[in-house]
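Dear colleague,

I am handing over the structure below, and after it you will find a short account of what turned up. Please have the structure open while you read.

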Amino acid sequence: AIKMRPSLYLRNRLLEQFAREADGGWLRIYSEVETKDISAPAPGQLIAELRIGAPGFVPPLAGALTARPLIPENSARVKARAKSFRVYAPDGKTVLWDGSVGEKKSKQFFDLKMERVDVDRESKVTIDDLVVLFPET
C-alpha cells in the first residue's frame, strides 16, 4: 500500500467535485449517531431537511469548502436531539457524505455544529456554517 498525500491543488479540485455533487441537494439531520456504513439506512428519526443552494458552495480555498447559506427547515418534523447528518445529491436518495452533530459551545469535535441540538417539533432549524475540510494527511 502507498500512503498518498494529495497536494493542495488536488484537494481543492476534489472539493470542487464534492460541491458539484451536492449543489441543489439536501442536508438531513437525524436523531442517532452516524452509522459505520454510509450505505446503511439513515440513523434514527429525520428531524429536519435543509436545502443546499445551487451553487451551494463558494470555491474551495486551502483545502476547505464552505457552504453558502442553506435554506432552513421552517418546521422540524419531530422533537429530538440532533446527533448526525447526511448530505444527499439533488435526487434526495444518493448519500454523498455524513457526519456528527454537536453544539457550537461544545469543546468536543463535531463535523457540524448547531446553536441548539435539542430541536422542538415545528421549530425552525438553521445551519449557520458548514465547512468541509480535506486535510493534508
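**Pockets and a buried glutamate**

The lining of the second largest pocket is made up of 4 nonpolar, 2 polar and 7 charged residues, and please keep in mind throughout that this is a predicted model. This second largest pocket holds about 190 Å³ of space, and of the 13 residues that line it, Met-114, Glu-115, Arg-116, Lys-124 and Thr-126 lie nearest its centre. The elements that contribute two or more residues to this lining are E7 and strand E8, which covers 118-119.

The largest pocket has a volume of about 380 Å³. It is lined by 16 residues, and those closest to its centre are Phe-110, Asp-111, Leu-112, Val-131 and Val-132. Strand E6 (95-103), strand E7 (112-114) and strand E9 (131-133) each give two or more residues to the lining of the largest pocket. Sorted by class, that lining has 10 nonpolar, 1 polar and 5 charged residues.

One residue is also worth looking up, namely Glu-49, which lies in strand E2 (residues 46-51). Is Glu-49 buried or exposed? Glu-49 has a relative accessible area of 18%, and because buried means under 20%, Glu-49 counts as buried. Its side chain is joined to that of Arg-77 by a polar contact of 3.3 Å. If we set aside the neighbours within four places in sequence, Glu-49 is in contact with Trp-26, Leu-27, Arg-28, Glu-73 and Arg-77.

With best wishes

How values were computed. Residues numbered from 1 in each chain as written. Predicted model: local features only at pLDDT ≥ 70, side-chain atom pairs only at ≥ 80, totals over all residues. Heavy atoms only, no water. 1 Å grid on protein atoms, 1.4 Å probe; cavity = no way out; pocket = protein on both sides within 12 Å on 5 of 7 lines; lining within 4 Å. Points joined across faces, edges and corners; volume = space filled by probe spheres on them. Helix = DSSP H or I, 4+ residues; strand = E, 2+ residues; numbered from the N terminus. Nonpolar A, V, L, I, M, F, W, Y, C, P; charged D, E, K, R; others polar. Buried < 20%, exposed > 50% of the residue type's maximum accessible area, 1.4 Å probe, protein only. Polar contact = N/O pair within 3.5 Å; in protein donor to acceptor, adjacent residues only side chain to side chain. Contact = heavy atoms within 4.5 Å.
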